[in-house]
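Let's take a look at this one together. Have the sequence and the 3D view handy while you read.

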Amino acid sequence: MSDSYNYLDPNYTYTYPNTGILRNLQDILDAEVLLFVESGAVTKRLQELYEKPIFIIGIESLFQIHQYEVI
């Protein structure tokens, strides 16, 4: 496992205490599990965008991408 989830955050503002792992919506504290879950979520979203692309017409289109809610 690489150090891709090892962040320095002395006040634990953005990471879980003593883990170096960024706080996440699933409250996953294991780096390998987090990598697996995030990879699956990214793959799912890429498939959704492939099937129903968002065409960038203006700033509103970009807002649409960022407002996407994970179900």
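Predicted model: local features only at pLDDT ≥ 70, side-chain atom pairs only at ≥ 80, totals over all residues.

How many salt bridges does the structure hold? There are two, and Glu48 has a hand in each: one pairs Glu48 with Lys44 at 2.8 Å, N to O, and the other pairs Glu48 with Arg45, where the closest N and O atoms sit 3.3 Å apart. Put together, Lys44, Arg45 and Glu48 are linked in a network of salt bridges.

The spacing along the chain is worth a glance. Lys44 and Glu48 are both part of helix α1 (residues 31–51) and are four residues apart, about one turn of the helix. Arg45 and Glu48 also both lie in α1, but these two are three residues apart, again about one turn.

Helix α1 has 21 residues. From its first C-alpha to its last, α1 reaches 30 Å, close to the 30 Å expected at 1.5 Å a residue.

## Asn24, ahead of α1

Step back to the segment before α1 and you'll find Asn24. Is Asn24 buried or exposed? Its relative accessible area is 14%, so Asn24 counts as buried, given that buried means under 20%.

The side chain of Asn24 has a polar atom 2.9 Å from the backbone nitrogen of Asp27. Setting aside neighbours within four places in sequence, Asn24 is in contact with Tyr16 and Leu34.

## A nonpolar patch

Which residues make the nonpolar surface patch? Ile56, Ile59, Leu62, Phe63 and Ile65 do, and the patch comes to about 440 Å².

Take Phe63 from that group: Phe63 sits in helix α2 (residues 59–66). Its relative accessible area is 41%, so Phe63 is partly exposed. The cut-offs matter here too, since partly exposed covers what falls between buried, under 20%, and exposed, over 50%. To be included in a patch, a residue needs over 30% relative accessible area and no salt bridge.

Technical notes:
Residues numbered from 1 in each chain as written. Heavy atoms only, no water. Patch = residues over 30% accessible without salt bridge, like charges linked within 9 Å, V, L, I, M, F, W, Y side chains within 5 Å. Areas by Shrake-Rupley, 256 points an atom, 1.4 Å probe, with all protein chains shown as cover. Salt bridge = Lys/Arg side-chain N within 4 Å of Asp/Glu carboxyl O. Buried < 20%, exposed > 50% of the residue type's maximum accessible area, 1.4 Å probe, protein only. Expected span 1.5 Å × (residues − 1). Polar contact = N/O pair within 3.5 Å; in protein donor to acceptor, adjacent residues only side chain to side chain. Contact = heavy atoms within 4.5 Å.
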